[in-house]
Amino acid sequence: MHENAEVSVFEVNIRFIGGLLAAFYLSGQEMFKLKAVQLAEKLLPAFNTPTGIPWAIVNLKSGVGRNWGWASAGSSILAEFGTLHMEFVHLTYLTGNPAYYQKVMHIRKLLAKMDRPNGLYPNYLNPRTGRWGQHHTSVGGLGDSFYEYLLKAWLMSDKTDTEARKTYDDAIEAIERHLIRKSNGGLTFIGEWKNGHLERKMGHLACFAGGMFALGADGSPDDKAGHWLQLGAEIAHTCHESYDRTVVKLGPEAFKFDSGLEAVAVRQNEKYYILRPEVIETYWYMWRFTHDPKYRQWGWEAAQAIDKYCRVSGGFSGMKDVYSSNPTYDDVQQSFFLAETLKYLYLLFSNDDLMSFESWVFNTEAHPLPVLHLGNITLQGSEPAQQ
């Protein structure tokens with residue numbers, strides 16, 4: 001940890017801090033809590049920016065932060081600074097140190113004050129100026145887990161954080177109006193807003209949204225629970241089609257909805273499958289909320305395909321082209337394969353009382369954190385909850 005090493009604030013939070021917190025809550029072993037806190041302390045300097053929007057990258061030794069060179073005009077990324085809330089609220093809850101809670105609430109308040117083009121949140125925000133970068137909006141990479149954490153902040157608060165719920169509802173309403181379309185072949189997909197128009201392409205990462213819409217259906221305004229559950233089912237179907245229309249029955253990184261070609265990857269550099277969990281994650285949520293056996297059937301198809309095409313001597317590997325029956329391997333077993341893909345498959349074939357939604361909320365890396373029943377104890381800044 002005292003390495004002179006730069007790390008992604010977002011990845012360390014969701015994979016390491018989230019994993020350590022979940023290990024603590026599941027095992028009760030203090031060591032996991034201690035390690036989570038030690039690591040979190042190393043991330044705090046990333047928030048030393050003119051706006052309080054954190055840098056994407058921090059040096060664990062020096063505390064110096066910076067942003068990705070490729071991101072729009074030195075911007076921070078919505079899905080990165082917007083995917084800290086669950087873990088940081090738990091850090092304040094466990095330590096009594098209000099700093100973590102204050103940092104994420106400051107981000108929320110700053111976003112609430114900002115103008116949103118078409119009600120949509122752009123993927124880029126400049127941490128020096130507090131202005132949006134390019135007006136790109138996505139429910140896939142760069143945007144995805146920001147929306148997820150609005151909903152899960154509400155769930156994790158035992159549904160007391162109504163501000164988070166309202167922000168989520170407004171955001172997905174704008175998403176439905178501007179990004180969600182039906183293809184000529186009748187497939188509901190989520191496009192990406194770029195340069196003033198909708199790109200009719202959906203990323204594998206965006207497939208998580210089917211499960212999110214289902215998870216958020218209960219508690220949605222205007223008696224629209226059935227509507228959001230239906231939308232979740234439609235997205236699950238579309239993402240299953242992206243799997244079914246390949247040779248190996250595992251889906252590509254991104255797929256288009258253009259003339260005649262639907263739910264298939266067009267560009268060679270979008271035909272890869274790197275053991276991603278989002279489609280199986282959505283199957284699991286849809287199973288929990290509908291118990292339609294097709295979701296277990298679809299999950300079993302994916303499990304068999306992973307076993308058939310991704311299993312190699314040293315574990316499991318991603319593949320470069322899902323449309324080829326003779327796979328070329330990337331020789332990487334991503335950590336999310338164990339944290340998410342296999343866990344969601346296991347849960348899909350388990351009973352609902354294993355990790356029930358009444359008690360647990362999963363962070364974006366599928367690390368379970370308990371719902372906080374704080375009663376009248378507030379986390380508002382100066383009065384942190386004591387354990």
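Me: Is D331 buried or exposed in this structure?
Reply: In this predicted model, D331 is exposed, because its relative accessible area is 69%.

Me: Where is D331 found?
Reply: D331 sits in the loop between β14 (315-316) and α12 (335-348).

Me: And what is the phi of D331?
Reply: The phi of D331 is near 65 degrees, which is a positive value in a residue other than glycine. For context, most residues other than glycine have a negative phi.

Me: What about K249, what is its phi?
Reply: K249 also belongs to the residues other than glycine and has a positive phi, near 70 degrees. K249 is placed in the loop between α9 and β11 (254-257).

Me: Let us change topic to the helices. How do α9 and α10 pack?
Reply: Helix α9 (residues 225-244) packs with helix α10 (residues 278-290) at an angle of about 140 degrees, and their axes are 10 Å apart. That angle makes α9 oblique to α10. In this pair, α9 passes α10 in a left-handed crossing.

Me: Which residues make that contact?
Reply: From α9 the contact is made by L229, G232, A233, A236, C239, H240 and Y243, and from α10 by V279, T282, Y283, M286, F289 and T290. By class, the contact of α9 with α10 has nine nonpolar, four polar and no charged residues.

Me: What is the angle between α10 and α11?
Reply: The angle at which α10 and helix α11 (residues 294-310) pack is about 155 degrees, with the axes 9 Å apart. That makes α10 roughly antiparallel to α11, since angles over 145 degrees count as roughly antiparallel. The crossing of α10 past α11 is left-handed.

Me: Which residues are in contact there?
Reply: On α10 they are I280, Y283, M286, W287 and T290, while α11 contributes Y295, R296, W298, G299, A302 and I306. This contact of α10 with α11 has eight nonpolar, two polar and one charged residues.

Me: Which residues touch the most other members of the largest nonpolar core?
Reply: The largest nonpolar core has 121 residues, and I190, M202, M212, F213, L250 and Y273 touch the most other members.

Me: What does L250 touch?
Reply: Not counting residues up to four places away in sequence, L250 touches Y243, Y273, A302, A305, I306, C310 and V322.

Me: Why is α4 described as largely enclosed?
Reply: Helix α4 (residues 85-95) is largely enclosed by the rest of the structure because 10 of its 11 residues are buried. The buried residues of α4 are H85, M86, E87, F88, V89, H90, L91, T92, Y93 and L94.

Me: What do they pack against?
Reply: The buried residues of α4 pack against α1 (9-27), α2 (30-43), α5 (99-113), α6 (144-156), β15 (360-362) and β16 (368-370).

Me: Which residue follows α4?
Reply: G96 follows α4, and the phi of G96 is positive, near 75 degrees.

Me: What is Q268 in contact with?
Reply: Leaving aside neighbours within four places in sequence, Q268 is in contact with K320 and D321. Q268 and P252 are 16 residues apart in sequence and, C-alpha to C-alpha, 10.0 Å apart in space.

Terms used
Residues are numbered from 1 along each chain as its sequence is written. This is a predicted model: local features need pLDDT of at least 70, side-chain atom pairs count only at pLDDT 80 or more; totals for chains, interfaces and linings use all residues. Side-chain values use heavy atoms; hydrogens and water are left out. Axes are lines fitted to C-alpha atoms, for helices over the stretch in contact, and angles run from 0 to 180 degrees between N-to-C directions. Helices (H or I, at least four residues) and strands (E, at least two) are DSSP runs, numbered from the N terminus. Angles under 35 degrees count as roughly parallel, over 145 as roughly antiparallel, 65 to 115 as roughly perpendicular and the rest as oblique. A crossing is left-handed if the near helix is turned anticlockwise from the far one by less than a right angle, and right-handed if clockwise. Contact means heavy atoms within 4.5 Å. Ala, Val, Leu, Ile, Met, Phe, Trp, Tyr, Cys and Pro count as nonpolar, Asp, Glu, Lys and Arg as charged, and the others, Gly among them, as polar. A nonpolar core is a set of buried Ala, Val, Leu, Ile, Met, Phe, Trp, Tyr and Cys residues joined through side-chain atoms within 4.5 Å. Buried means under 20% relative accessible area, exposed over 50%, partly exposed in between (1.4 Å probe, protein chains only).
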